[in-house]
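Here is a friendly walk through one protein model and its ligand. Keep the 3D view open as you read, and turn to each spot as it comes up.

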Amino acid sequence: MKFLEDEIQKLKAAGLYRTLKQLPPGVLNFCSNDYLGLTEEPRLIAAGLAAARRFGAGSGSARLIAGNFPIQDELEVALARFKGTEAALLFNSGYHANIGVIPALAGDGDLIFSDELNHASLIDGCRLSKAEKVVYRHNDLNHLEDLLRRRGEASLAPTKKIIVTEAVFSMEGDLCPLKDLLALAEKQGAIVYLDEAHAVGVFGEQGEGLIKNPPPHLVCMGTFGKAFGSYGAFVAGSKTLKEFLINRARSFIFTTALPPMVVGTSLAALKIIETEPERREKLWENIKLFHISPYTPSYSKRGKGGDSPIFSIPIGDAKKTMEISQKLLEQGIYLQGIRPPTVPEGTSRLRLTVTAMHTKEQIQKLTEALRTIRP
Ligand SMILES: *Cc1c(COP(=O)(O)O)cnc(C)c1O
């Protein structure tokens, strides 16, 4: 299998080779999605252990076979309340949700409109669907409206139109213009599939994300792997949507249910997110602190930032990005360089995330270090 080595050499030459790394001890981590510091929260760990003792270490089968336990129902009921929907359905991860729900909602003869900067899991969901895909410019509702109109008119049979977007873009840190997007979708008779992976836990009075009580033409998806400090995902919407997905979403049907301990952990996280706004307040304090800091070098201000915990520092060249990331590591700061195919060619960047656990001094250390490595 010589092609394996050939491909690896090509990646190395292009500066796109990736390896698994361990974070050296004592290094400041500025690329975690653990926005509220919940991965280390003792109550989450205790709840996970308790769920394992009660229901077992693994779930033993898919939920439709024998892997359905009261704890999953409990979490789904709590999630529906959290999002203000009739129902919610668990998925094993955000990736599972996106590759299962999109092809279930949109099939042959339908149209999918997808933001050009959507996450790989959304792109894969669109690829798995038999619907025709139309990509619109990032957050450009004029472009989307134009495409919705033209493609809608061009198709002969009455087709479903699904708009797929992230709520908080995972690599840019900017927000989708949700209110206007929903109004446009309603006018054009389209459904919106909203990926709130980086929004739940971070936005909303009780951490519910960009929207509570979604209108009927909005399907909300959220994950537990980021601010929830756990693992897994959910889709929130009507009872009928849930019933439909249980019967149609292949990544729900044909996979072993999440281990009970993971479900217990997510349930404990949800309770904390709903009832302890202090963590969210601290997170937003830190976001502002980094965004307005006089130490923040001007080149990072060119990057988008301040709308979410995600800041994007544009570098451009993939190799240069990795060199800067390495230099920062030597100063005790871990900031992962992001390269294609995660982001478009020529837009390699440092992706920086601020969490509620960072101290003022740590954020100052970061901004100082960024100043010294100005490209
Ligand atoms: C992380 C992420 C996912 C995948 O979620 P997992 O639970 O990690 O599989 C999906 N969409 C977006 C926007 C993400 O950032």
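## Around the ligand

In this predicted model, the side chain of serine 93 places an N or O atom 3.5 Å from an oxygen atom of the ligand. Tyrosine 95 contributes through its backbone instead, with an N or O atom 2.9 Å from a ligand oxygen. Lysine 226 uses its side chain, where an N or O atom is 2.9 Å from an oxygen atom of the ligand. Taken alone, the ligand would expose 370 Å², and the protein buries 86% of that area.

If you step back to look at the whole shell, you will find 13 residues around the ligand, with Gly94, Tyr95, Asp195, His198 and Lys226 coming nearest. By class, the shell has eight polar, three charged and two nonpolar residues. Which element supplies the largest share of this shell? Helix 4 (residues 94-105) does, with three residues.

Through shared partners, salt bridges join Glu41, Arg43, Glu276 and Arg279 into one network.

Arginine 43, at 41% relative accessibility, counts as partly exposed.

Glutamate 7 counts as partly exposed, with 40% relative accessibility, whereas lysine 10 reaches 54% and so counts as exposed.

Leucine 4 is also part of helix 1 (residues 2-13). Together with Met1 and Phe3, Leu4 forms a nonpolar patch on the surface, with about 380 Å² of accessible area in total. Leucine 4 itself counts as partly exposed because its relative accessibility is 41%.

## Backbone details in the loops

A few backbone spots are worth a visit. Proline 340 and proline 341 are joined by a cis peptide bond, with omega about 5°. Proline 341 is found in the loop between strand 11 (337-338) and strand 12 (348-353).

Where does asparagine 139 lie? Its place is the loop between strand 4 (132-136) and helix 6 (141-154). Phi of asparagine 139 is near 55°, a positive value in a residue other than glycine, and the residue counts as partly exposed at 21% relative accessibility. Asparagine 213 has a positive phi as well, near 50°. Asparagine 213 lies in the loop between strand 6 (191-195) and strand 7 (218-223). With a relative accessible area of 53%, asparagine 213 is exposed, because exposed means over 50%.

Notes
Residues numbered from 1 in each chain as written. Predicted model: local features only at pLDDT ≥ 70, side-chain atom pairs only at ≥ 80, totals over all residues. Heavy atoms only, no water. Near = heavy atom within 4 Å. Polar contact = N/O pair within 3.5 Å; in protein donor to acceptor, adjacent residues only side chain to side chain. Areas by Shrake-Rupley, 256 points an atom, 1.4 Å probe, with all protein chains shown as cover. Helix = DSSP H or I, 4+ residues; strand = E, 2+ residues; numbered from the N terminus. Nonpolar A, V, L, I, M, F, W, Y, C, P; charged D, E, K, R; others polar. Patch = residues over 30% accessible without salt bridge, like charges linked within 9 Å, V, L, I, M, F, W, Y side chains within 5 Å. Salt bridge = Lys/Arg side-chain N within 4 Å of Asp/Glu carboxyl O. Buried < 20%, exposed > 50% of the residue type's maximum accessible area, 1.4 Å probe, protein only.
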